[in-house]
Amino acid sequence: YERKSPLVVAERGLGSLSEVQPTDCIVCFSKKTIFDTTRQLKSLGFKPAVIYGDLPPGTKVAQAEKFNDPNDPCNVLVATDAIGMGLNLNIRRIIFASVTRAGKLLPTYAAKQIAGRAGRFGTVHECGVVTTLNASDLGMLRTILAKPVEPIKAVGIAPSFEQLESFSFHLQQTSFLHLLDIFSSLCSVSDHFFICTVDHMKTLATAINDIPLTLRVRYTLCISPISIRNDKFAEESFVNIARRFSSGQPLTAEWLFDMVGWPPRSVLELDDLIHMENLYEVLDNYLWLSLRFPDMLPDGEIVMEARKQVDKLISEGMENMSKLLAGMGNGKEGSIRKTSERKGRSARDAAEQLEEEEEQEDEEEEEEEKPKPKQKLKTQIVLPSKRKGMGRKSKLENLMERGVLSKEDVETLKKEVRATMVKEMKEKE
């Protein structure tokens, strides 16, 4: 692509947050860094806007509008790479708080996408500037930005319902969780594709493994856009939705509100903010499911209004960010329910725990998105080999040994999944 306005790398790193200027944006890669940076900027007299991935779209837009408004005292932005996703911002200078994400160097495509937010064509700034908070990081940032973006070599494809339904027909006593394992063992794709999203599906499938559901419902629940890792509230809500499905009773707004403890309380501390973000995700997931099962989830319009209320509460809470962050600055008992205030830890300890969990999630997601070593489409199945010294067999081998799956069944399954995947790959190509 050709940029319509110039972008330059600064001659030196910032060195200190005291050097921040109006229309600057400090880019961080974890909530803890976001909160710490915001608190420090407030202590220096700034009133920063804050944007990160877990915030609802309405809140992100509201924060962006405050930052863009020249008459608003909010003239500095603290954000994650979420600013590169569909937001128009009057940023003059991008400041990288770090050049690593989840313990790894930023890839060139990500660094360029983030840096490109500075001085965008059509904003009040004729030229964009990019630098680092730590002076020692600037050389590495130059190196990353100087590299060409590698072309996309493969795209991810997920197991379709039809493929898993075919497996289930031959393996009627096999759990959905094991079907996913067998699918991954059998599947072989061309060099243009790799299998993805299976880990996310397995996380959700594990949570509802013992709940009786039809294959269609279980599959749909397991591709839901909800994260339950390290989030007890979201996990319990997800499991309760599955149980309600199993009972055959409709998931009404009244039932949903009773489950989540409606009405929500105002955002008075960081604990409440995190909980509201989780609540928003649960309501959002209800709406996603209601589009697929309108008879079972009949109250989409009511829940949509409730989601707007939660978005508004989060936006109001963001206006009082200084109060929310107060516990982090003085070591008082703080405010992140996700990492459990009840265990007696300080807010800083809780935030550090949250950062570790986020980094772990980022690493797992990056591994999930990476193409696995490819194999050409084969005519015969090669069973996964045992791990050295472990003496463990794959689930596929165990099923064959127990007589649940014969070699003929394996060949049949392979032919069927091969046919459906070839069809899907041709359609995508």
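Of the contacts in the chain with a separation of 6 or more, 71% are between residues 24 or more positions apart. This figure, like every value below, belongs to a predicted model. The chain contains 17 helices and 10 strands. Of its 429 residues, 48% are buried. The chain exposes about 21,900 Å², and 49% of that area is supplied by carbon and sulfur atoms.

Strand 2 covers residues 24–27 and pairs with strand 4 in the parallel sense, over three bridges. Val-27 has Ala-79 of strand 4 as its bridge partner. Strand 2 also pairs with strand 5 (residues 93–96), again in the parallel sense, here over four bridges. Within this second pairing, Arg-93 of strand 5 is the bridge partner of Asp-24. The side chains of strand 2 are divided between two directions: Asp-24 and Ile-26 point one way, Cys-25 and Val-27 point the other way, and all are buried.

Strand 4, residues 76–79, is likewise covered on both faces. Val-76 and Val-78 lie on one side, Leu-77 and Ala-79 lie on the other, and all are buried. Pro-48 stands opposite Val-76 of strand 4.

The aromatic residues come next. The structure holds four aromatic pairs. One of them is formed by Phe-35 and Tyr-52, in an edge-to-face arrangement with 6.0 Å from centre to centre and 85 degrees between the planes. Phe-35 belongs to helix 1 (residues 31–43), whereas Tyr-52 lies in the loop between strand 3 (48–51) and helix 2 (57–68); the two residues are 17 residues apart, and their pair links distant parts of the chain. Both Phe-35 and Tyr-52 are buried.

Phe-245 and Phe-293 form another edge-to-face pair, with 5.2 Å between centres and 70 degrees between planes. Phe-245 is in helix 9 (residues 232–247) and Phe-293 is in the loop between helix 11 (270–292) and helix 12 (300–319), so this pair ties together parts that lie 48 residues apart in sequence. Phe-245 and Phe-293 are both buried.

Aromatic rings also meet arginine side chains. Arg-292 lies over the face of Trp-288, at 3.7 Å from the ring centre. Arg-216 lies over the face of Phe-161, at 3.7 Å from the ring centre.

The loop between helix 10 (253–260) and helix 11 contains Pro-263. Is Pro-263 buried or exposed? With a relative accessible area of 63%, Pro-263 is exposed, because the cut-off for that class is over 50%.

Notes:
Residues numbered from 1 in each chain as written. Predicted model: local features only at pLDDT ≥ 70, side-chain atom pairs only at ≥ 80, totals over all residues. Heavy atoms only, no water. Phe/Tyr/Trp six-rings, centres within 6.5 Å; stacked < 30°, edge-to-face > 60°. Buried < 20%, exposed > 50% of the residue type's maximum accessible area, 1.4 Å probe, protein only. Lys NZ or Arg CZ within 6 Å of the ring centre and 35° of its normal. Contact = heavy atoms within 4.5 Å. Areas by Shrake-Rupley, 256 points an atom, 1.4 Å probe, with all protein chains shown as cover. Pairing = 2+ DSSP bridges.
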